Amino acid sequence: MTSPLPETAAPRRAFAIISHPDAGKTTLTEKLLLYAGAIETAGSVKDRRGQRSTTSDWQEIEQKRGISISSTVLRFSYRNTEINLLDTPGHKDFSEDTYRVLSAVDSAIMVIDAAKGIEAQTLKLFEVSKQRGIPLLTFVNKCDRPGPGPLGILDEIEEKIGLLPTPVNWPVGLGTDFFGVVDRRDNTLVRFTRSEHGKTAAKEKLLDMEKGLDAAQEWGKIAREELDLLHELGQDLDTETFLAGVSTPVFFGSALWNFGIQHLLDAVVDLCPAPGPRNTQNGSTRQTDDCFSGFVFKIQANMDRNHRDHMAFVRVNSGVFQRGMTIFHEPSGKPLNTKYAQQLFGQGRGTIEKALPGDVIGLVNTTDLRIGDTVHTGDKVCFPPLPTFAPEHFMVAYNRDTTRYKQFKKGISQLDREGIVQVMRHPTRGDQAPILAAVGPLQFEVALHRLENEFGAPVELSPSRYKFARQTDEASAKILREIRDVDVLEKEDGSLFAVFDSNYVLNHTRENHPELVLREILT
Ligand code: G4P
């Protein structure tokens, strides 16, 4: 059974922006909206960011730290294309969350600060994107500031991330002398003039490349040499390797001053792939015009004080979603009501009537849903589960107020469901002292804050002796439980983890028992 996509439907693009905090993700997002005509003057996204703390309890941390933890979705139209831009947390401690968002998009833009290059902290996020294998565009931001120069950035991309950089445009002049960019595809030079505080589109003058480089004098000479070098190296845009996640088209510009934004936005439509077929767990492929299907990539409760509810973010993979239709939850097989399905825009939301592959819908109060679950109509389908990352930090949580035990238990379970931290239980200490496991320590900060402020459960976290966790199965767990210094912990969903307090114990266990399942999760 198929549900052909309406012929009149606009094409879709679903992409994310990943960057180091402060590299300019928020500014770039805003400028993409400005150039797409979704907002008239820059400033509104930041305003929205400002509002977050008033509409949500725990996003105060985002404000304090200047990072985003709660992923949101922005939807806008450009050149007859419906674009879904999914926000990612800008910190390596939330790499797992970033990975989940990246599973819901078909491409991403990696933002690099021209003055700072690729910062160590961000490397993990970029590696995660590479692991996902999705096509990556690169935007080298802040070219209006002095920096090591564009060739140095290209080297870094190649050396540190292992992607072949293929510059699409090339900067002429740096810092305050930033003159414009050469479009290597058609040998034109776009000369920019700053608009007042970058609030409206920058004035652009299209010049013939040779004439433009002459006009840029010394900077023109430098750019000419660099362009010749690139030509010799053959680092030219190559769609095939870009789509295969091997090369990355690079754009230079300045989000603040709106330089190079138009090139980048056009690339989202012209280069980034449309939603395509998706592999299912049994190895078959779900085509976009099959019956409706999608999967949950994020769960978030209490996004808004006024809506104390539970939202599952679903990426549509195939077919047409119509509000009110009955869809089925895999693995439980239970039907779900979609009367209250939502569309998200930043922190705002509204009713959604229809959604197509590449779109995101918010299902409200569907508490059975977990991250990675499939929803569908028609024949049963199941998309591969989203991997969890190997936790590197472990804490034991104690309820500090015995009268609040119920809230403590509920809060811990909710955080586990949302993937804020992984919650593991010791066979004897169980729910009294659950072990919180995280990829990065900032996750604990979010967990503590939410438990206290949202669930009214004051909690004490004390460091656990565990250092490593490996996923195992029941048969191996039986043997592992007998080994000194090894514990087996259980998650609410029944999965089992062997935990070790040193690399030595882990290696020793492996050597002595090569038959045991000790699955290394993504690191
Ligand atoms: P993020 O979301 O990645 O954390 O970064 P965000 O956009 O908030 O930008 C971080 C800072 O960098 C901001 O300055 C922003 O104005 C500045 N910025 C962004 N793009 C450019 C650019 O192309 N050139 C220059 N020179 N600066 C840029 P701020 O002082 O922290 O905030 P604000 O007071 O400007 O809002």
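Which helices each supply at least two residues of the shell around the ligand? Here are some notes to read alongside the model.

1. **Ground rules.** This is a predicted model, where local features need pLDDT of at least 70, side-chain atom pairs count only at pLDDT 80 or more, and totals for chains, interfaces and linings use all residues. Residues are numbered from 1 along each chain as its sequence is written, and side-chain values use heavy atoms, with hydrogens and water left out.

2. **The ligand shell.** To answer the opening question, the helices are H1 (25-36) and H2 (44-55); helices here are DSSP runs of H or I with at least four residues, strands are runs of E with at least two, and both are numbered from the N terminus. H1 gives the largest share, 3 residues. There are 18 residues around the ligand, and Asp 22, Lys 25, Thr 26, Thr 27 and Ser 254 come nearest (a residue is near if one of its heavy atoms lies within 4 Å). Sorted by class, the shell holds 7 charged, 7 polar and 4 nonpolar residues. Charged means Asp, Glu, Lys and Arg; nonpolar means Ala, Val, Leu, Ile, Met, Phe, Trp, Tyr, Cys and Pro; the others, Gly among them, are polar.

3. **Oxygen atoms of the ligand.** A polar backbone atom of Asp 22 sits 2.7 Å from a ligand oxygen. For Ala 255 a polar backbone atom is 3.1 Å from an oxygen atom of the ligand, while Asn 141 places a polar side-chain atom 3.1 Å from a ligand oxygen. Taken alone, the ligand exposes 710 Å², and the protein buries 71% of that (Shrake-Rupley method, 1.4 Å probe).

4. **Strand S15.** Do have a look at S15 (residues 310-318), where 9 of 9 residues are buried, meaning under 20% relative accessible area, with exposed over 50% and partly exposed in between (1.4 Å probe, protein chains only). S15 pairs antiparallel with S14 (residues 293-301) over 8 bridges; pairing takes at least two DSSP bridges. In that pairing, Lys 298 stands opposite Phe 313. S15 also runs antiparallel to S22 (residues 360-364), joined by 5 bridges, with Met 311 opposite Val 364.

5. **Asp 238.** This residue lies in the loop between helix H8 (217-233) and helix H9 (239-243). Asp 238 is partly exposed, at 31% relative accessible area. Its side chain makes a polar contact with the side chain of Thr 241 at 2.6 Å (N or O atoms within 3.5 Å; within protein, one must be able to donate a hydrogen and the other to accept it, and residues adjacent in sequence count only if both atoms are side-chain atoms).
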